[in-house]
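Okay, thanks for coming, everyone.

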Amino acid sequence: MQYYTLNTKVELPGIEYFPCASGFQVKNAFEEFNENNHKWNKILIDPPLYDHFSLISISKDGPNDCILLDFFLFSGPINPDLKSGCLISKKFKDLLSDYSLPVNTAFYPAKLLFKGRKYDYYILHTAFDYLNELNFEKSTWQYSNSKYGMLDTSQGFTELPFKVKNKSHYISLIERNGLESNLTLKEAYFNNFCDLMTINDISLFAISGRLKNAIESAEILPADLKPIEYIDFSFEDIKQT
């Protein structure tokens, strides 16, 4: 099954400065976003209203409030300590809520300050470990042929000549020096279908074809959607309609 990467278009028509979200002005920001408390490793119970995020420019010196988008990456030291997540608009939240999301996914209410006005936004939090949902027995792995210890799809792949037995086995492989440090899935077989997931080496999210079509139809910005050519996705319990 074909999946796609959901990433951000850094270059937007008519926009010179690419904005990201900063949590520096959120109430109790240093306490809420302290990476040492590990609170963001799991879904939060009864989270506060995160009031408020602001925009910062990461590309050039210029106006931060240059454009209001449907999702923003986080930038700067004072932000939610998320392995994968972003600040999303109500429009994007409502769209995602109609699709199959992985276990341990939540939306936390937030405010975004833009040109002196506060808008309703949400922190999209996925405390999802794909290795816990992966069927290792049916899945296969490959490593990048890159000589530089990184995943470089342009260099092609070589299939791993043995089975990765379980999560512990995978972790031991990627901690070694050598080719195994470039490991990625080839045939990814999951127990349960979902339209959005986080996987190592995919920059933000991997999304299904039907969710990709919905994002394009709704003109969710700044979505950059590209096919994942090197991984084939399968599911034991497909819940597509």
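This is a predicted model: local features need pLDDT of at least 70, side-chain atom pairs count only at pLDDT 80 or more; totals for chains, interfaces and linings use all residues.

Residues are numbered from 1 along each chain as its sequence is written, and side-chain values use heavy atoms, with hydrogens and water left out.

When I say helix or strand, I mean DSSP runs numbered from the N terminus: H or I with at least four residues for helices, E with at least two for strands.

So, back to α5, which covers residues 209-218. This helix lies across β1, β11, β12 and β13, and runs at about 95° to β12. (Axes are lines fitted to C-alpha atoms, for helices over the stretch in contact, and angles run from 0 to 180 degrees between N-to-C directions.) Its buried residues are Leu 211, Lys 212, Ala 214 and Ile 215; buried is under 20% relative accessible area, exposed is over 50%, and partly exposed is in between, with a 1.4 Å probe and protein chains only. Looking down the axis of α5, those buried residues fall within an arc of 165°, so they line one face of the helix. That arc is taken from the directions from the helix axis to the C-beta atoms. What covers them includes β1, α2, β11, β12 and β13, where contact means heavy atoms within 4.5 Å.

Now the sheet under that helix. Four strands make an open, antiparallel sheet in the order β11-β12-β1-β13. Two strands pair if DSSP finds at least two bridges between them. β11 and β13 are the edge strands, each pairing on one side only. Between β1 and β12 there are four bridges, and Tyr 3 stands opposite Ser 208 in β12.

Keep your eye on Tyr 3, please, as we move to the rings. There are 18 aromatic pairs in the structure. For these, rings of Phe, Tyr and Trp (its six-membered ring) pair if their centres lie within 6.5 Å; planes under 30 degrees apart are stacked, over 60 edge-to-face, and the rest tilted. Tyr 3 and Phe 233 are stacked, at 4.5 Å centre to centre with 25° between the planes. That pair links distant parts of the chain, with Tyr 3 in β1 and Phe 233 in β14, 230 residues apart. Both Tyr 3 and Phe 233 are buried.

Compare Phe 114 and Tyr 119: their centres are 6.3 Å apart and the planes sit at 70°, so that pair is edge-to-face. Phe 114 is buried, at 9% relative accessible area, whereas Tyr 119 is partly exposed, at 22%.

Six strands form an open, mixed sheet in the order β2-β3-β6-β7-β5-β4. β2 and β4 are at the edges with a single partner strand each, so one side of each has no neighbour in the sheet. α2 packs on this sheet, touching β4, β5, β6 and β7.
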